[in-house]
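Here is a friendly set of questions and answers to go through with the model open beside you. Take them in order and check each one by eye.

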Amino acid sequence: MTVTTATLASSTGDIHDPTSAAYKKARRKHWKSTRNRPEHSETDWTPFRAAEKKYKASFPPPDLSDVLDVAAADAKRDEETARGGWKGRADAVEHTGVPLCTQDGQTEQKAYLFPGTPGLVLLPTFVSPAKQRHLVRWALRDHAREPNETNLDTHYVLPPDGLWNQYLRVRNGDCEDVEIFPRAALQSTSSTDSDKVTSAEQNHAQVELPGPRKLIANEAASPENFSDLVHTPKLPAPPSQTLRALPTSGLVPKLRWANIGWYYHWGTKQYDFTRGPGEIAGLVRDVCKSAVDKIPWEMAFQSGEGAQGGQMDWGPDGPDWMDWRTTYEPDAGIVNFYQTKDTLMAHVDRSEICATSPLVSISLGCAAIFLIGGLTRDDPPTPILLRSGDIVVMSGPACRRAYHGVPRILEGTLPPHLEGTSDSEIDWELYEEYLRCTRINVNVRQVFPKGFDPQSHGHGAGSQDVKAPRS
C-alpha cells in the first residue's frame, strides 16, 4: 500500500471543541508531558521565548485574539479565515495601511506598515491564486532538485530529476514506490579510500540530526570581514550513519528546504562564494522585484529615524531605500517546506553583506504565525498571521537585524483557492494533498550591496576562486 502525504495530516478541525476526540487526545498528551515540569519554569523565559511557547502549545490551543490577521476584516475571505478554527483580529496590532504604488495610481491593494518596526511591510494577498499555484509547482517540481541542494542531499542519494517528480510517477502508477538509500549505506559498500571523508573532516563537520535545526551564533557579515568569510573552511557535512532506506513516498514529508542562488553553508551560517551564484528563477525574481517596486518606501521610512538615518545604523553611505526600486536584485534565499508540526526558532539573519536591502518572504499553502521582535529576545515580538499569497518584506537596519521566527503552522488552513483542479492542471490534486499539511515559504534576499565587488574584496590566498555574481 502506498503511503500518501494525506495520511500524515492529523484531524485538526475539532481541536478547539472540548468534547472532541482530538481535544481530549491533546489534553492527555499535555498532562503527560508537563506533569514533571518544574513550577514557575517560565519565569526565566525572555518575552520572545514566552511568545514562542504560547503559540506552539498543543494544549490548550492558543488564543489568537492578539494576533494581527488582516483577512479577518474582509468578508469575502470568511470561508478562508474560518478554516481550522484559527482566526486573529484585524485590529490586534498597531499598523497603518497605505496604497501600493502603481503606474496609473489605481489599486485596492495596500501595504501595511508597523510604526514599532520601521522597514517591516506586510502585503496581504499580493500573489494571485493562479501565481500561487505556479510557485508551488516551481518549488516542488522544478526547484527542489539538482543542482539546488536540499536538506536530504547530504544523507540520501536522490533521483536526478528530484524527489517530487519521482513521487508523481509513483502516485500516477508509472513506477514502483522504490526505496531511496542513505549515502552512508552505499559508501560503506562501494567507496574507495579517496572517496571517504577524512578523519579531520569528520571532526569538523556536523551531521544534521532529526529535530529542530541547531542555531549558530555567527558573526554578522559586512564588507569589512568579507575576506575572512571567504577563507573560512566550509567542509561538507558527512551523511548520517543511522538513517535507513525509505520509499519515495516516505521521504517526501522529510523535505525541509532547498537552496536558492548563492549556496548557504549551514555548518558555518555563511555563504560559500566559491561555489558560484546559482540561478534565481524568473518567476521568483519577478514577484520579489514587483513587491519592492510597489511599496511606498518614503512612507515606510518617513518617521524620523527611518527617513534620515537617525539612530538607525544604515552604514557609512547612509540610507539607501530611495534607490531600491533600481538597485534591488535578489540573488540568494531558501525555499522552506514546513510540515504542521514544524517550527522556526527565534533567530537573526546575519549572513548577507548587505544588511539593509529588502528580504522578501512569500507564503504558500497553510497559514502560520510569524513573530518579529527587536534587536534582542528581550523585546516583545509582534505576532502576525500569514496566509497563502501574503508577502512580508523585512528591510532597513532595525528590521533586518530583528529577531524573528515561526512558532506554529496552523493546521487545516489550506485556502479554498488552492483546492480543486481543471483539465489544464495536470496532477494538481497531488499538490493539493501535500499542501493540506504544509506551508511553503519562498524567502529571498540580496547578498551584496550596490557597487560591491566580491572578487576585489575577497583578497588573499584563494580569492581567485570567488565567483562574481552575474550582471
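Q: Is Thr125 buried, partly exposed or exposed?
A: In this predicted model, Thr125 lies in the loop between strand S3 (120-123) and H4; helices (H or I, at least four residues) and strands (E, at least two) are DSSP runs, numbered from the N terminus. Thr125 is not a glycine, yet its phi is positive, about 50°. Buried means under 20% relative accessible area, exposed over 50%, and partly exposed in between, with a 1.4 Å probe and protein chains only. At a relative accessible area of 34%, Thr125 is therefore partly exposed.

Q: Which class, buried or exposed, does Lys269 fall into?
A: Lys269 has a positive phi near 55° and is a residue other than glycine. Its place is the loop between strand S7 (264-265) and strand S8 (270-271). With 10% relative accessibility, Lys269 counts as buried.

Q: Why is helix H5 described as largely enclosed?
A: The cover over the buried residues of H5 includes helix H4 (129-143), strand S4 (179-180), helix H9 (248-251) and helix H15 (428-435). Trp164, Gln166 and Tyr167 are among the buried residues of H5. H5 (residues 163-171) is largely enclosed by the rest of the structure because its buried residues number seven of nine.

Q: What is omega for the cis peptide bond from Phe59 to Pro60?
A: Pro60 belongs to the loop between helix H2 (47-56) and helix H3 (78-82). The bond from Phe59 to Pro60 is cis, and its omega is near -10°.

Q: How many residues make up the largest nonpolar core?
A: A nonpolar core is a set of buried Ala, Val, Leu, Ile, Met, Phe, Trp, Tyr and Cys residues joined through side-chain atoms within 4.5 Å. Ile362 is one of the members that touch the most others, along with Leu123, Trp297, Phe337, Ile391, Ile440 and Val442. The partners Ile362 touches include Val127, Leu135 and Val287, leaving out residues up to four places away in sequence. The largest core holds 60 residues.

Q: Which helix gives the most to the lining of the second largest pocket?
A: A pocket here is an open set of points on a 1 Å grid over the protein atoms alone where a 1.4 Å probe fits, with protein on both sides within 12 Å along at least five of seven lines; lining residues have an atom within 4 Å of a point. The lining has 48 residues, with Asp313, Trp314, Gly315, Ala355 and Thr356 nearest the centre. Helix H13 (324-327) and helix H14 (396-400) each supply at least two residues. The most, three residues, come from H14.

Q: What is the mean pLDDT of the chain?
A: pLDDT is the predictor's confidence in each residue, from 0 to 100; local features here need at least 70, side-chain atom pairs count only at 80 or more, and totals for chains, interfaces and linings use all residues. Residues are numbered from 1 along each chain as its sequence is written, and side-chain values use heavy atoms, with hydrogens and water left out. Of the residues in the chain, 84% reach 70 or more, and the mean is 86.

Methods. Contact means heavy atoms within 4.5 Å.
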